[in-house]
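Here is a friendly walk through a helical packing report. Have a look at the sequence and the model first, and then we can go through them together.

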Amino acid sequence: MSLETCYNALEGDYQTVFNRLNKNERIIKKFVLKFLEDPSYDLLEKSLKEKDYKEAFRAAHTIKGICQNLSFTRLYTSINLLAETLRSETIDMESLPELVQTVEKDYQITVDAVRALQAEG
């Protein structure tokens, strides 16, 4: 799988990251693969389960930054909504489960695409 195909699969913006990282696919691939090692998603899940919304916000905000830097557009969009909800002093508990479910789905799509890239060396 090419890097561009990976970006298509995860609904990212390949051209933006390509230009941002000096048109160097080796560097882009290095950072894309490092995404799999980042512990922020596990922290997000744990914090939400424990209802530690301050820590969940921190984890979501970290993921948001990574997605913005790597132009992971689909995941960025959903994690941004979740982060903004968690940032609020009064969290909308009614919308939280749907936001979390969307992030879970988008995260899995992203991870699957990156793992496919990784599997092909």
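## Terms and ground rules

Buried means under 20% relative accessible area, exposed means over 50%, and partly exposed is anything in between, with a 1.4 Å probe and protein chains only. By that scale L33, at 22% relative accessibility, counts as partly exposed.

This is a predicted model, in which local features need pLDDT of at least 70 and side-chain atom pairs count only at pLDDT 80 or more, while totals for chains, interfaces and linings use all residues. Residues are numbered from 1 along each chain as its sequence is written, and side-chain values use heavy atoms, with hydrogens and water left out.

## The nonpolar core

Let us begin with the core. A nonpolar core is a set of buried Ala, Val, Leu, Ile, Met, Phe, Trp, Tyr and Cys residues joined through side-chain atoms within 4.5 Å. The largest one here has 37 residues, and Y7, V32, L44, F72, L82 and L86 have the most contacts inside it. At least two core residues come from each of helix 1 (3-9), helix 2 (14-20), helix 3 (25-34), helix 4 (40-49), helix 5 (53-70), helix 6 (73-87) and helix 7 (96-119). Helix 7 gives the largest share, nine residues. Helices here are DSSP runs (H or I, at least four residues), numbered from the N terminus.

What does V32 touch, leaving aside its neighbours within four places in sequence? V32 is in contact (heavy atoms within 4.5 Å) with L3, Y7, L70, F72, V114 and L117.

Two packed helices are described by the angle between their axes and the distance between the axes. The axes are lines fitted to C-alpha atoms over the stretch in contact, and angles run from 0 to 180 degrees between N-to-C directions. Angles under 35 degrees count as roughly parallel, over 145 as roughly antiparallel, 65 to 115 as roughly perpendicular and the rest as oblique. A crossing is left-handed if the near helix is turned anticlockwise from the far one by less than a right angle, and right-handed if clockwise. For residue classes, Ala, Val, Leu, Ile, Met, Phe, Trp, Tyr, Cys and Pro count as nonpolar, Asp, Glu, Lys and Arg as charged, and the others, Gly among them, as polar.

Helix 6 packs on helix 7 at an angle of about 150 degrees, with the axes 9 Å apart, so the two are roughly antiparallel. Their crossing is left-handed. On the helix 6 side, the residues are R74, L75, S78, I79, L81, L82, T85 and L86, and they meet L96, L99, V100, T102, V103, K105, D106, Y107, I109 and T110 of helix 7. By class, this contact has 11 nonpolar, four polar and three charged residues.

Helix 4 passes helix 7 in a left-handed crossing. Y41, L44 and L48 of helix 4 make the contact with V100, V103, E104 and Y107 of helix 7. Six of these residues are nonpolar, none is polar and one is charged.

For helix 3 and helix 7, the axes come within 10 Å and cross at roughly 125 degrees, which makes helix 3 oblique to helix 7. The crossing is again left-handed. K29, V32 and L33 of helix 3 meet V114, L117 and Q118 of helix 7, a set of four nonpolar, one polar and one charged residues. The C-alpha atoms of L33 and L117 are separated by 8.2 Å, although the two are 84 residues apart along the chain.

R74, in helix 6, is buried, with a relative accessible area of 19%.

Most residues other than glycine have a negative phi. E11, in the loop between helix 1 and helix 2, has a positive phi of about 55 degrees and is partly exposed at 43%. S71, in the loop between helix 5 and helix 6, has a positive phi near 60 degrees and is buried at 7%.
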